[in-house]
Amino acid sequence: MMQLVNVKSDFQLMPFLDRIKFVQRSAQCDRRTAKAIANEMSESECWINHDYVVLVRRGEKADQLVHVPELKGRCTYISIRNAERSNDRPWEDFQAIKNQLCGEDSEAIELYPAQSRVVNEANQYHLIVFPPGHKLPFGFYQGDDAYEKQAQRSE
């Protein structure tokens with residue numbers, strides 16, 4: 001996968017009042033809510049390459065999606081969409097995006113929420129990245145490399 005480049009998004013280049021109107025139409029919300037959302041979106045980093053458009057909010061800017069007090073201000077939110085808005089999404093690409101933007105030692109989750117919390121408007125995928133060193137209490141204990149080394153030792 002090609003490296004991502006940090007750029008200003010089309011949304012960030014729009015006049016602010018147009019951003020509010022865009023959010024109101026897209027999210028079907030009132031002006032006050034749209035203004036709050038537009039403010040947050042304006043503060044996101046935008047990264048792109050030939051295949052993906054990625055929005056990133058770090059620390060306190062990601063706190064709207066973090067509901068555990070001890071993790072507030074410490075996580076990163078990554079929103080990934082295919083540049084063609086298709087649902088093509090190789091796992092290796094998402095792992096490379098997470099690694100480039102947050103480091104190889106960071107762990108992330110993609111949530112499949114209760115139906116009442118679903119937001120699905122753009123074939124867009126959302127990762128919450130935990131602080132480096134924060135290990136999630138589920139998943140494999142070791143990666144492929146560790147299993148391969150263990151198999152070689154037992155031969």
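The structure is a predicted model, in which local features need pLDDT of at least 70, side-chain atom pairs count only at pLDDT 80 or more, and totals for chains, interfaces and linings use all residues. Residues are numbered from 1 along each chain as its sequence is written, and side-chain values use heavy atoms, leaving out hydrogens and water.

Let's begin with the whole chain. Its secondary structure comes to five helices and six strands, where helices (H or I, at least four residues) and strands (E, at least two) are DSSP runs numbered from the N terminus. Along the principal axes, the C-alpha atoms fill a box of roughly 65 × 35 × 25 Å. Of the 155 residues in the chain, 30% are buried; buried means under 20% relative accessible area, exposed over 50%, and partly exposed in between, using a 1.4 Å probe and protein chains only. Among contacts (heavy atoms within 4.5 Å) with a separation of 6 or more, 55% link residues 24 or more positions apart.

Now turn to strand β4, residues 76-82. Seven of its seven residues are buried, so β4 is largely enclosed by the rest of the structure. In a regular strand the side chains alternate between the two faces of the sheet. Here both faces are covered: one side carries Thr76, Ile78, Ile80 and Asn82, the other Tyr77, Ser79 and Arg81, and all of these are buried.

What does β4 pair with? Two strands count as paired if DSSP finds at least two bridges between them. One partner is strand β3 (residues 52-58), which runs antiparallel to β4 and is joined to it by seven bridges; within this pairing, Leu55 has Ser79 as its bridge partner. Another is strand β6 (residues 124-129), which pairs with β4 in the antiparallel sense over six bridges. There, Ile80 stands opposite Tyr125, and Ile78 has Leu127 as its bridge partner.

Finally, consider charge. The chain has 20 positive and 23 negative side chains, with the centres of the two sets 9 Å apart. Lys and Arg count as positive and Asp and Glu as negative, while His and the chain ends are not counted; each charge is placed at NZ of Lys, CZ of Arg, CG of Asp or CD of Glu.
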